[in-house]
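Me: I'm new to reading protein models. Can we go through this one together, one question at a time?

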Amino acid sequence: MDQELDKILRRLEEAGFEAYLVGGSVRDDYLGIPPKDIDITSSAKPEEVEELFRDYKTLDIGKKYGTISLVLDREKIEITTFRQDLAYKDHRHPEEVRFTPSLLEDLKRRDFTMNAMAKNRQGEVFDPFHGREDLDRGILRMVGDPKDRLEEDALRILRGFRFASRFKLNLDPDFLDAASLYKEGLTQVSRDRIRQEFFGLLLTDQPSYGLLLMEETGVLKILFPDLMATVGFDQKNPYHKQTLFDHLLCVLDHTPVKLSTRLAALFHDIAKPQKAFYGKDGHLHFYDHDKEGALEADQILKDLGAGKKLRASVRALIQDHMTVQKVMTDKALRRQIKRVGRENVLDLYDLILADAACTSGPGSLAPLRARKARVLDLLDEDLTKKENFLAINGHDLMDLGYPKGPLLGTILRACQDLVLEDPEKNTQEDLKKYVEERFKKQS
């Protein structure tokens with residue numbers, strides 16, 4: 001046990017209080033995973049915790065619910081008084097909490113059995129609801145009646161799906177049934193809490209599992225009705241043997257664990273059902289679904305309260321995910337880098353590669369991997385690093401005798417094309433010569 005953590009538990013014990021590590025840190029330790037968040041449950045009241053740790057920086061934001069946070073150099077440790085939660089008023093917070101001297105009563109209020117374990121400083125584990133046994137069996141089970149727990153807080157549905165995806169657990173049938181019955185409660189949960197849990201689900205090793213649970217229980221229809229059009233949608237195309245929803249899930253699982261890429265993977269083909277039409281070849285085609293899909297995904301993320309930077313990245317990835325032609329010149333790749341952004345372009349190729357891996361088209365992924373490698377080389381060029389990369393600007397053109405107006409923009413765009421084709425021409429001398437040879441000055 002970490003020395004600082006041992007010191008905190010020891011201080012509580014020596015002051016006559018019970019103190020235990022609880023929840024995720026105990027679960028992760030049992031699974032051999034380094035714990036991220038450290039929570040302590042104790043018989044000490046909030047005021048007693050504050051008094052006992054006067055030499056620490058403390059936060060009392062959760063004091064109403066029995067929680068005092070100790071702020072350390074690199075982490076925050078929450079100490080919460082043993083408590084019972086009474087009736088819930090807003091599908092999140094209990095109307096009232098009652099402090100209790102009983103560790104068992106405190107563990108009863110926890111969501112899942114694997115999170116209702118506690119461990120003391122000596123390493124003894126208290127597991128009254130058989131969380132370790134459930135983990136060994138690969139089962140995610142709720143503490144108590146799932147219907148009661150989901151009626152208290154419907155977000156536990158998404159939380160359960162995230163845990164199931166993260167730890168590769170099967171859902172207890174009673175929890176699955178309750179999730180189907182109480183899914184409407186998610187409409188009462190704040191979008192910030194929905195977003196946090198959903199994004200966490202997308203960042204698991206196999207997010208498709210959680211999405212399938214969302215579809216099976218009807219949660220997908222509640223939270224993302226636009227995605228429902230992809231469920232069971234037959235693309236009627238020789239390159240797509242899966243339904244559209246299954247294809248999205250395949251691409252999702254094949255992308256690296258990065259939020260913008262995962263979101264783009266999930267929504268990259270969302271506009272296909274509305275853009276579908278039969279071509280003369282008898283197959284469905286989906287022209288402009290990339291552009292329409294980028295707009296649709298952006299609105300979904302906006303409604304979810306996602307930040308502007310994340311939304312811009314997802315839009316850029318979806319808009320360009322169809323650039324899969326066999327050959328792209330360096331000029332075309334430089335344009336793509338400028339269009340998509342240096343910060344997004346490698347993610348774009350991760351998305352394109354995942355999309356190709358989940359498509360039944362001919363050929364290997366080698367050309368796409370080679371193109372990604374070439375993009376990586378081009379990212380080292382000065383002109384791709386700078387937004388304003390031309391060696392000349394509008395003032396230089398006016399000094400040459402070109403009047404201020406739309407013509408300057410035309411000339412600068414022509415110069416950009418020249419430099420993107422041949423970066424060595426990006427000198428004032430070469431560009432001025434090029435301009436004077438190509439563009440006549442107005443008299």
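Me: Which residues in helix α17 are buried?
Reply: First, a heads-up: this is a predicted model, where local features need pLDDT of at least 70, side-chain atom pairs count only at pLDDT 80 or more, and totals for chains, interfaces and linings use all residues. Residues are numbered from 1 along each chain as its sequence is written, and side-chain values use heavy atoms, leaving out hydrogens and water. Buried means under 20% relative accessible area (1.4 Å probe, protein chains only), and helices are DSSP runs of H or I, at least four residues, numbered from the N terminus. In α17, residues 330-340, the buried ones are Leu333, Arg334, Gln336, Ile337 and Val340.

Me: How wide an arc do they cover around the axis?
Reply: The arc is taken from the directions from the helix axis to the C-beta atoms. These residues sit on the same side of α17, because their arc is only 155°.

Me: Are the rings of Phe163 and Phe167 stacked or edge-to-face?
Reply: Rings of Phe, Tyr and Trp (its six-membered ring) pair if their centres lie within 6.5 Å; planes under 30 degrees apart count as stacked, over 60 as edge-to-face and the rest as tilted. That rule gives 12 aromatic pairs. Here the centres are 6.2 Å apart and the planes are at 25°, so Phe163 and Phe167 are stacked.

Note on methods: Buried < 20%, exposed > 50% of the residue type's maximum accessible area, 1.4 Å probe, protein only. Helix = DSSP H or I, 4+ residues; strand = E, 2+ residues; numbered from the N terminus.
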